[in-house]
Every structure is written in structure tokens, then in C-alpha cells.
Amino acid sequence: MENCIFCRIANKELSSEVVYESDQVIAFRDVAPVAPTHILVIPKEHIPAVHNLSMEQRNTLLPAIFEAIDQLVEKENLAEKGFRVVNNAGQEGGQTVNHLHFHLLGGRSLQWPPG
Ligand code: 5GP
Ligand code: ZN
């Protein structure tokens, strides 16, 4: 997807602060962080949103994404105090970039429910 910013970040056409990378997944710091740790974990492959995952992708990509989250929780020292993993889907879900991504947020007390 040529015009997708997250595809361009995954392809290294756009710069970002990459904090994790595997065959299928890349994670980088959000350009406008809302918490001391604000990392975006994405599949390298362009998938628009979470409900667009095929059964095969659910079985292969989701474990790879959660492996990344697990390693980042360790690296960012988030396990003890807690953290949040967020996926926004579609317009009313607050998704602004239409390439599947999971926000990993931590380092401060987070409110619930969100607005
Ligand atoms: P969404 O609202 O779609 O769940 O989250 C998209 C996130 O991507 C936002 O938190 C936004 O700050 C972040 N973002 C948008 N463009 C860029 C970019 O070019 N680089 C980085 N690192 N983050 C971006
Ligand atoms: Zn994309």
C-alpha cells in the first residue's frame, strides 16, 4: 500500500524510532506520545483493521504481535506497575491510520473508561 504511512515506516521509507523488529512485526514509538511509553506494534503486512484478519493471520500474526508486546513490556519495565494494550478499529473506534496497530501504553496511571 503505497500511501499508507505505516507501510512506509515498515519499509523504512519513513523514519521512526524502531524498538522491536521480527520477520512479521515491527514496533516503533508513537510520534505524539500520550504516555511515557507509547509504542505502536504493527504487522509489516498491510491489514486495514483487526476485523480484517483472516483465520490464518489470526493464527500466525497475533502470536507474533503478542510476542513483541511481551518483549517490550519486559524492555520498558512495565510489568510491575501495569500497562495497557489498545486497538482502535474504524471511525467510531478512533482509528486514524488504516493499518492494523496495537498501542502499548505505560509509565503513568491510565484512566478508564476512555472518552
Ligand atoms: P489510531 O488513532 O489510528 O489508533 O493511532 C494512530 C497513531 O499513529 C496515533 O497515536 C499517531 O500519533 C500515530 N502516528 C501517526 N502518524 C505517525 C507517524 O508518521 N509516525 C509515528 N511514529 N506515529 C504516527
Ligand atoms: Zn499499511
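**Note on the ligand shell and the annotated residue**

1. By class, the shell around ligand 1 has six nonpolar, five polar and one charged residues. Here Ala, Val, Leu, Ile, Met, Phe, Trp, Tyr, Cys and Pro count as nonpolar, Asp, Glu, Lys and Arg as charged, and the others, Gly among them, as polar. Among the residues around ligand 1 are Ile5, Phe28, Asp30, Leu40, Asn88 and Thr96; a residue is near the ligand if its C-beta atom, placed from the backbone, lies within 6 Å of it.

2. This is a predicted model, in which local features need pLDDT of at least 70, side-chain atom pairs count only at pLDDT 80 or more, and totals for chains, interfaces and linings use all residues. Residues are numbered from 1 along each chain as its sequence is written, while chains are lettered from A and ligands numbered from 1 in the order in which they are written.

3. The complex receives an ipTM of 0.99 and a pTM of 0.98 from the predictor.

4. In the unreviewed UniProt entry, the annotation "active site" covers His101; such annotations are given in the numbering used here, with shortened feature names, and may be inferred rather than shown by experiment. His101 is buried, because 24 other C-beta atoms lie within 10 Å; the cut-offs are 20 or more for buried, 12 or fewer for exposed, and partly exposed in between, with C-beta atoms placed from the backbone.

5. His101 touches Phe6, Leu40, Val41 and Ile42, not counting residues up to four places away in sequence. Contact requires C-beta atoms, placed from the backbone, within 7 Å.

Notes: Contact = placed C-beta atoms within 7 Å.
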